[in-house]
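The following paragraphs examine how the parts of one protein chain meet. Please consult the sequence and the structure alongside the text.

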Amino acid sequence: MIRTGIVGFGFAAQTFHLPFLSIHPDFEPVAVVSSNHDLVAEKLPSAAYYSNIEEMLRDAELDLVIITTPNHTHFDLAKQSLEADCHVLLEKPFVVNSGQGLELIKIANARGKVLCPYQNRRWDGDFLTVKALIESDELGQVRVFESNFDRFRPEVRQRWREQAGEGSGILYDLGSHLVDQALHLFGSPLAVTAHCKAMRPQSQATDYFKMTLHYADKEVVLNSSPYRSGKGSRFVVQGDKATFSCFGLDIQEQQLRDGVTVTNSEFGRQQHIGKLEIGDNGTEKDIELEHGCYSELFASLASAILNGTTPPIDAYDAVKGIYALELAQHASEAGKTERWEF
């Protein structure tokens, strides 16, 4: 069993981690650091409660630490955990600057520990469908790739993600997903252009971005807006053989919010389909979206820890993603395209 400690017990821990830890036979959640003792006692009564990470690392005899705290705390908490000889699963965004990420990788390698970024949306059903279509050459050579993660949230909410601060705002929140997916498919770009804005009244952090990754043979456009009502396009992928499009978001997050168990046969089954438009005549073909499967990340992580297999996400990939976000901010502030030099 992988004795697991969780640092932070808010929405991310309860929604994206605990349901999978609770059913996977290799994980044993034994300790939690939180400011809310009653909530921990209600949701995970078998776990020991700690008010700070120092006590947990000293007393809980852990193999793995999962960090789900505000973004600016990720580096220090992950560093402490690695130096206590624990493996680490670190929520996105991995860190708030690429230099921190490189330092964590150095510590993990020296200690022989797994350092895994939590980029769960590589296992979204719509993204898995896009990846399969590209790999099967049904689209041909991809020339334009558009990825949108929009929400209708016209008013600023009192959440740390929407307040001013290092690593806050939608660029680091949702942008870390879109960038990770794009780099996973296409590798590093040649340059980045971006417009990052605080568009909503009283907004103190970026809540809108349009970011373009420039490649020699394609353009990759990543967008997020707080003003998109209805089900907007999630992916539009234009190739020299066909175009694929799909609308709405992967269903797993909503199912987890609604309390659907991850062992339910309907978990991850998408409720919408994609569309493939082929050639000049635009012949249309419905594409059933693949099952989403966040559980695969946890299964692969368990194997990496217990058997020494490759972790589900390479930490260096996450550092490149953070560099892309940094470059986007610089490009937006300077009003020019920035060359990729990582």
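Between domain 1 and domain 2 there is one salt bridge, a term that requires a side-chain nitrogen of Lys or Arg within 4 Å of a carboxyl oxygen of Asp or Glu. A salt bridge joins the side chains of Lys-92 and Asp-173, at 2.4 Å from N to O. The model is predicted, with local features needing pLDDT of at least 70 and side-chain atom pairs counting only at pLDDT 80 or more, whereas totals for chains, interfaces and linings use all residues. Residues are numbered from 1 along each chain as its sequence is written, and side-chain values use heavy atoms, leaving out hydrogens and water.

As to the division itself, domain 1 spans 2-118 and domain 2 comprises 121-296 + 323-339; such bounds come from an automatic or database domain assignment. The C-alpha centres of the two domains are 27 Å apart.

How many residues of domain 1 are in contact with domain 2? Contact being defined as heavy atoms within 4.5 Å, 17 residues of domain 1 touch 18 residues of domain 2. Helix α1 (residues 11-23) contributes the most to the domain 1 side, with seven residues; helices here are DSSP runs of H or I with at least four residues, numbered from the N terminus.

The two domains bury about 1,600 Å² between them, with 67% of it on carbon and sulfur atoms. Buried area denotes the accessible area (1.4 Å probe) that two parts lose on being put together, summed over both. Within domain 1, the residues losing the most area to domain 2 are Phe-20, Lys-92 and Val-96, together 33% of what that side buries.

How values were computed: Helices (H or I, at least four residues) and strands (E, at least two) are DSSP runs, numbered from the N terminus.
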